[in-house]
Amino acid sequence: MLFLQADMTAVTGDSLATPAGGDVPGKDTIFDTLVSGGWTMIPLLVLFVAALYILIERYLTIKRADRDTDQFMTTIRSYILSGNVEQAKQYCMQENSPFARMILKGINRLGSPLHDIASAIEAVGNLEVQQLEKRLGILATIAGAGPMLGFFGTVLGMIGAFSTIKGAGSAVNPGLLAGDISTAMVTTAGGLLVGVVAYLGYNYLVNLVGRVIYKMEATSTDFADLLQEPVSGHSVSK
């Protein structure tokens, strides 16, 4: 009997010990946690990937457009005041930036009234701004839709939990509710993550676009002032 009790004690002690390697029984991986969120995690993942793509793509596009306009306008000024209009056009085409396309439109209208030149530049500027703001509306939509979709998953999880309670009756225990509650919490966290990333990214990109728009307006004003400077006794524009 003593030997039997000793064997039982050894078996019980081994079963309570931590497994080799330090793994904790029942601890979920990140993948398991995401899967526990249910089918709503699939559209949330799609929204998250889309938000990251738009954020990176727009950032690179806007940064390419955000150039130093001081040197550009200095070169344009020297060409225009010296009468080298064709060289000014070639320089604008080589630059290939929103500022250069605006000024190129103005140079092509040289000889027209200043109001017409300014209107042409403004029209090109509006088109350039629309290109810079492309897909930002989608990013703003994701910022709002992500949390709502997450809360929708939360509601589904809580409905499942109450259904489990109803079916179990007096035999309900925390283990029966763990899956539904996990679904509710994971989808909430996923939706908030998507919303935060999209919201912060949207506002950051809007600030970058605003800086480019400010430079475009300053460039347009500088070009209008340039056209009123005398060239051999006459102004460039009428």
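Reader: How do the residues lining the second largest pocket divide into nonpolar, polar and charged?
Author: In this predicted model, the lining of that pocket holds eight charged residues, four polar ones and three nonpolar ones.

Reader: And what volume does the second largest pocket have?
Author: The volume of the second largest pocket is about 220 Å³. Its lining consists of 15 residues, and T61, A65, P98, R101 and L132 are the closest to the centre.

Reader: How far apart are M41 and G153, in sequence and in space?
Author: In sequence, 112 residues separate M41 from G153. In space, their C-alpha atoms are 8.3 Å apart.

Reader: Now the core. Which residues touch the most other members of the largest nonpolar core?
Author: That core has 40 residues, and those that touch the most other members are I62, F72, I76, C92, I103, I107 and F223. Two or more core residues come from each of helix 3 (41–65), helix 4 (69–81), helix 5 (85–95), helix 6 (98–108), helix 7 (114–132), helix 8 (136–168) and helix 9 (174–227). Helix 9 gives the most to the core, with eleven residues.

Reader: What does I62 touch, leaving aside residues up to four places away in sequence?
Author: With those neighbours not counted, I62 touches L132, L205, L208, V209 and V212.

Reader: What share of the residues is buried?
Author: Of the 238 residues in the protein chain, 31% are buried. The accessible surface of the chain is about 14,500 Å², and carbon and sulfur atoms account for 64% of that surface.

Reader: One last point: what share of the contacts with a separation of 6 or more joins residues 24 or more positions apart?
Author: In the protein chain, that share is 76%. M41 and G153 show how residues 112 apart in sequence can be 8.3 Å apart in space, C-alpha to C-alpha.

Conventions
Residues numbered from 1 in each chain as written. Predicted model: local features only at pLDDT ≥ 70, side-chain atom pairs only at ≥ 80, totals over all residues. Heavy atoms only, no water. Core = buried A, V, L, I, M, F, W, Y, C linked by side-chain atoms within 4.5 Å. Buried < 20%, exposed > 50% of the residue type's maximum accessible area, 1.4 Å probe, protein only. Helix = DSSP H or I, 4+ residues; strand = E, 2+ residues; numbered from the N terminus. Contact = heavy atoms within 4.5 Å. 1 Å grid on protein atoms, 1.4 Å probe; cavity = no way out; pocket = protein on both sides within 12 Å on 5 of 7 lines; lining within 4 Å. Points joined across faces, edges and corners; volume = space filled by probe spheres on them. Nonpolar A, V, L, I, M, F, W, Y, C, P; charged D, E, K, R; others polar. Areas by Shrake-Rupley, 256 points an atom, 1.4 Å probe, with all protein chains shown as cover.
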